[in-house]
Amino acid sequence: MKLKGILPSNVESEILSGSIQNLGLMRILDYTLNDIPNKSDKYLVVNKCEAVSPALEMEVKSDVGDPDSGILLKLKQENETASDVKVGESGILLKPRQENQVRTAAGVPLKPKQEMVAKSAAQIVHEQHRNMAPAARLAMTRRVHPLVSLNPYQGSWTIKVRVTSKGSMRTYRNTKGEGCVFNVELTDEDGTQIQATMFNQAAKKFFDKLEMGKVYYISKGTLKVANKQFKTVQNDYEMTLNENSEVEEASNEASFVPETKFTFVPIDMLGPHVNGKELVDVIGVVQRVSPTMSIRRKSNNEIIPKRDITIADETKKTVVVSLWNELATTVGQELLDSADQSPIVAIKSLKVGDFQGVSLSTVNNSIVKVNPETPEAKKLRSWFDSEGKASSMDSVGSGIMASSRNGSRSMYSDRVFVSHFTSNPSLGEDKPAFFSVRAYVSFIKPDQTMWYRACKTCNKKVTEAIGSGYWCEGCQKNDEGCSLRYIMVVKVSDPSGEVWLSAFNEEAEHIIGCPADELNLLKSQENEENPYQLKLKQAIWVPHLFRVSVAQHEYMSEKRQRITVRGVAPVDFAAESRFLLEEISKQKASQ
């Protein structure tokens, strides 16, 4: 039987001197047996060993007998010791050439070559170096490490990887001056990925050398714990290459490592990722493609191209994806030309923002695949052709406040129970704090001031003008009419307790189910049925997802907590169930 082994560094001198040779026999005195993640084979890590015999020129293959039959070659002389023999690949014992032949137990003669020259590993490698490409030399002299085995405390290593994503060269300025930087994503044959970053001289040295889709041997880099804020791949570490790092292209490696791997997030589950540090992958059917727009960057006034596409998936939700820079002009134009065919796009490494509730945006390392040949794409195409084409779609961000200035992110971000507010009366003392909560509206005071008269132009409060009409201080004008806008408080409850929330016009409309003008009309129609009271009753015990802000205000020389509704959305029970399952998984993982 065969087993892969790793020799200790303290036997390097014996290998170079020729004591330990290729196809030679050695005795393992101490070892450990390790499993390498994502590898089916076990590796014998040798702690202590000694050379036993020099090598034959070749191994005995199975044509001398069945390797599973246990037949061993008989030694010619009874007094021969283990130092005179060697083990072949099939497990058959051999001895170095001393006489004309050695016979097996079955009588089959084996005739090793008459003149055998023992060569050291160093000599073999030196001969193989002739007429060999640099990458092949690197492969011969260094053991390739899987990416999953690398860590910051490791010594020298060599990896064999494909460039699966390449960012553009970027410039930066800090207290030390100006510089340049670019990133690549590297993938090994197991599909493990890592991000490598190069600065200044290293960036200039390797930018043209590292080409998208090609395979390389890379060594003499350093690793550190990945910064989650800039993390684009699923790896705990990130790599830095400097000007002394070695990068050699591996030729004839077209089939090495799989293509880009995606971990798709359904569109209706993007909410928990809003403004998060992790990037996401999505797949969807293209519904709309906008023309190219020119956007001026605030930091340096540079004008960059942008194009928005709207995609949908089997959750019957849509989301807008902003393509930036080259993706807007290349892939974006391709999608515009084929928009009538509803192409499918798979996009890797997208930032999730809160514009229009939920939105997606490409980054430097994003990858866009149009109509990929993957099971997910085929499944999505089948659904769209049979059902999705005729289905009504809703934006995943509908009902979620878009303004980041209001602390709005997602109804699934910073989720807490009501008791979090009641048990922390000092919340929002320094600055407003933002949370999300799922709760029922449990009580609405019918006799409270539910609305105010507002200017139709600026929505500010108006007063009755002398004579007729309403005066707006903000607009400095008189108007014959005005509108009513909600300003109310509601009590909400969840399994942990209850609390009062302040709700303004848009949010209150979601809760009550009608504009303030309509509710006022119902109030004026007092009769036995009392439609006003009935409308408020219909709003009770309805579940909602609330995005709220918590701040401190002073009333009668006493600081009080004010909780204001910033966004309201109905409960999507499918999305809520997925959210709860994800929370359960996190709890299990932390135990």
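Which residue lies over the face of W500? In this predicted model, K445 takes that place, at 5.2 Å from the ring centre.

A pair of aromatic rings is described by the distance of the centres and the angle of the planes. The structure holds seven aromatic pairs. One of them is formed by Y172 and F199, whose ring centres are 6.3 Å apart and whose planes stand at 90°, so the pair is edge-to-face. Y172 belongs to strand β9 (residues 170-174) and F199 to strand β11 (residues 193-199), so the pair ties together parts that are 27 residues apart in sequence. Y172 is partly exposed, with a relative accessible area of 27%, and F199 is partly exposed as well, at 39%.

Another aromatic pair, that of Y440 and W541, is tilted, with 6.4 Å from centre to centre and 50° between the planes. Y440 is found in strand β23 (residues 433-444), while W541 sits in the loop between α11 (531-538) and β30 (543-555), so this pair ties together parts that are 101 residues apart in sequence. Y440 counts as partly exposed at 34% relative accessibility, whereas W541, at 56%, counts as exposed.

The next stop is strand β18 (residues 303-312), which is mostly covered: eight of its ten residues are buried. Which strands are joined to β18 by bridges? Strand β16 (residues 280-289) runs antiparallel to β18 and is joined to it by four bridges; here V286 stands opposite I311 of β18. Strand β17 (residues 293-296) is also antiparallel to β18, again with four bridges, and I295 has I304 in β18 as its bridge partner. Seven bridges join β18 to strand β19 (residues 317-324), and these two strands run antiparallel too. Between them, T310 has V320 in β19 as its bridge partner. β18 and β19 form a hairpin with four residues between the strands, and in this hairpin K316 takes a positive phi near 60°. As background on strands, the side chains of a regular strand alternate between the two faces of the sheet.

Helix α9 (residues 505-512) shows how burial can be arranged around a helix axis. Its buried residues are N505, E507, A508, I511 and I512. Seen down the axis of α9, these buried residues fall within an arc of 160°, so they line one face of the helix. An α-helix has 3.6 residues a turn, so residues three or four places apart point the same way. Just after α9, G513 takes a positive phi of about 100°.

How many disulfides does a search of the whole structure find? The search finds zero. A disulfide is a covalent bond between the sulfur atoms of two cysteines, and the cut-off used here is 2.5 Å between those atoms. For C455, the closest cysteine sulfur is that of C472, and the distance of 3.8 Å is too far for a bond. C455 is buried, with a relative accessible area of 4%. For C482, the closest cysteine sulfur is in C455, at 9.3 Å, which is also too far for a bond. C482 is partly exposed, with a relative accessible area of 21%.

Note on methods: Residues numbered from 1 in each chain as written. Predicted model: local features only at pLDDT ≥ 70, side-chain atom pairs only at ≥ 80, totals over all residues. Heavy atoms only, no water. Buried < 20%, exposed > 50% of the residue type's maximum accessible area, 1.4 Å probe, protein only. Arc of directions from axis to C-beta. Phe/Tyr/Trp six-rings, centres within 6.5 Å; stacked < 30°, edge-to-face > 60°. Lys NZ or Arg CZ within 6 Å of the ring centre and 35° of its normal. Pairing = 2+ DSSP bridges.
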